[in-house]
Every structure is written in C-alpha cells, then in structure tokens.
Amino acid sequence: MRELKEQVYRANMELHKNRLAPLTWGNVSQADRARGIMAIKPSGVPYEELKPEDMVIVSLETGERVEGRLNPSSDTPTHLALYRAFDKVGGITHTHSPYATAWAQAGRAIPCLGTTHADGFFGEIPVTRYVSADEAQRAYEAETGTVIVEAFQGRDPLHTPGVLVRGHGPFTWGETASASVHNAITLEEVARMGLLTLLLNFNALDLPEALQIKHFERKHGPNAYYGQR
C-alpha cells in the first residue's frame, strides 16, 4: 500500500505542477485490481499540504475506506464506476483545466482537427449528456460515472482515453495514474489547439481518416514505432 500511495501522490503532484488543478481542484487515483483496492487523493486538501501517507485506500467493490485518516475525494464514486466498467483502466484523473472544461460547458465534443490530437486520442473526444436532476439527487458522483460509460458505448476507452462531462469537466484514464495524468495534459493542449483552430477557421475540417489512423497507430498500434523500444 505504501508504494501505491506514493505513486498516486506523485501523480497528483504532477497534475498540480502542470497547473491543471489550482486550489484543491482535481484528483488522481490508481487501482490495484489484484488486491481489489484503489488509492485516491483526499478531499479538499491543498496540494502544497499533501503527503504520500495522506492518500486514501478504498475498496473497489464496496467503495468503503480501507485505510487512511482523511476522507477520500468526493469524486471517488465516479472513479469506482469507471474502474468497474473499463476493466483495463488502471489510473484515472479528473481536472477542471480551463480549455477542456470550456468545451464541456459548451456541450461540444472536441473534433480531431490535427495530428497532435490523433497521436493521443482516436477520433473525437466525446461529451456526455447532462446528469439528470433525478440522477443528481440520487447519487450525483456515481451517476457522473454512468453518463461517461454511456458515452463510450461502441468506443474503446483505451483508444480514446478521455471524456468531457457536460457542464462539469474532463476525466482521463490510462494503465496507471501517471498515464492518466499524461492524458489529462494532452487533452488540455488538444482542447486549446482545437479552440484556436476554430477561432481562425470555424469551418476547419477533421483530419483525414487515413492520417488519424496513421498517427494513432504509430504510437499505439500493434506495430507502433514512435519513441525508443
């Protein structure tokens, strides 16, 4: 558990270092599926005050706190819903980063306009429906997970490792907490580039499909060749 807490602490601090989570906004978790647990940032604690031992251990099955003196993030039920639905995801990040959140508040998916987007996300980055009034009253954070899972019907969550929750903000994920933060940073940059592109040319077209496939597969396909092996 000490190693898991350390990894999640470092991932949360990376989020803060990259200015994606001012004040106490945002949270990162990582699952240990073999042990049926996850570690997540505590609720409402400033990043400057966080220590590895402050990370909270929660049961993936029940959502109950297993270890830790602090309350887990209020977004814990959303993280749990995603781990349960996306069985190959090992880390999750939630932010209120400004450009991605602006797209979420506008209720617009981010189209794939260029190769930077295609390098990290296959196709558009979807936006969910609103959480309904009944859902919000019943179990708001858990139902936030529900609308995300709905938005990924027919999509591979590992090919498009992020989503915009309408009116709320982005969630990203990956095989580890660190990978989910990497995708959060990428999503924010893609959101900024997309906005600037449409300001320059509101009629800008999606990147041709062949180039979308090429750029995604050179990093993530079975014959990927980007980087060092």
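Which elements do the buried residues of α3 pack against? They pack against β6 (162–165), β7 (169–174) and α6 (177–200). Before going further, a word on the model: it is predicted, local features need pLDDT of at least 70, side-chain atom pairs count only at pLDDT 80 or more, and totals for chains, interfaces and linings use all residues. Residues are numbered from 1 along each chain as its sequence is written, and side-chain values use heavy atoms, with hydrogens and water left out.

Let's stay with α3, which covers residues 98–106. Helices (H or I, at least four residues) and strands (E, at least two) are DSSP runs, numbered from the N terminus. Ala 100, Thr 101, Trp 103 and Ala 104 are buried in this helix. Seen down the axis of α3, the buried residues fall within an arc of 155°, so they line one face of the helix; the arc is that of the directions from the helix axis to the C-beta atoms. Pro 98, Gln 105 and Ala 106 are exposed on the other side. Here buried means under 20% relative accessible area, exposed over 50%, and partly exposed in between (1.4 Å probe, protein chains only). Just after the helix, Gly 107 takes a positive phi of about 70°.

Now for the interior. A nonpolar core is a set of buried Ala, Val, Leu, Ile, Met, Phe, Trp, Tyr and Cys residues joined through side-chain atoms within 4.5 Å. The largest one has 19 residues, and Met 38, Ile 148, Phe 171 and Trp 173 have the most contacts inside it. Two or more residues come from each of β2 (37–40), β3 (56–59), α2 (76–85), α5 (133–151), β6 and β7, with α2 giving the most, three residues. Leaving aside neighbours within four places in sequence, Ile 148 is in contact (heavy atoms within 4.5 Å) with Thr 78, Leu 82, Thr 128, Val 163, Val 165, Phe 171 and Trp 173. Apart from this core lies another, of 18 residues, among them Leu 4, Val 8, Met 55 and Ala 184.

Thr 144 is buried, at 1% relative accessibility. Not counting residues up to four places away in sequence, Thr 144 touches Thr 78, Val 131, Val 165, His 168 and Phe 171.

What about charged pairs? Side chains of opposite charge can pair when their charged atoms come close. Taking a salt bridge as a side-chain nitrogen of Lys or Arg within 4 Å of a carboxyl oxygen of Asp or Glu, the count comes to eleven. In one of them, Arg 218 meets Asp 119 at 3.7 Å, N to O. Arg 218 lies in helix α7 (residues 209–220) and Asp 119 in helix α4 (residues 115–120), so the pair ties together parts that are 99 residues apart in sequence. Asp 119 is buried, at 12% relative accessibility, while Arg 218 is partly exposed, at 22%. Another bridge joins Glu 189 and Arg 192 at 2.8 Å, N to O; both lie in helix α6, three residues apart, about one turn of the helix.

Finally, look at the loop between α1 (2–17) and β1 (27–32), where you will find Arg 19. Phi of Arg 19 is near 60°, a positive value in a residue other than glycine, and Arg 19 is exposed, with a relative accessible area of 73%. Leu 23 sits in the loop between α1 and β1 and has a positive phi of about 55° although it is not a glycine.
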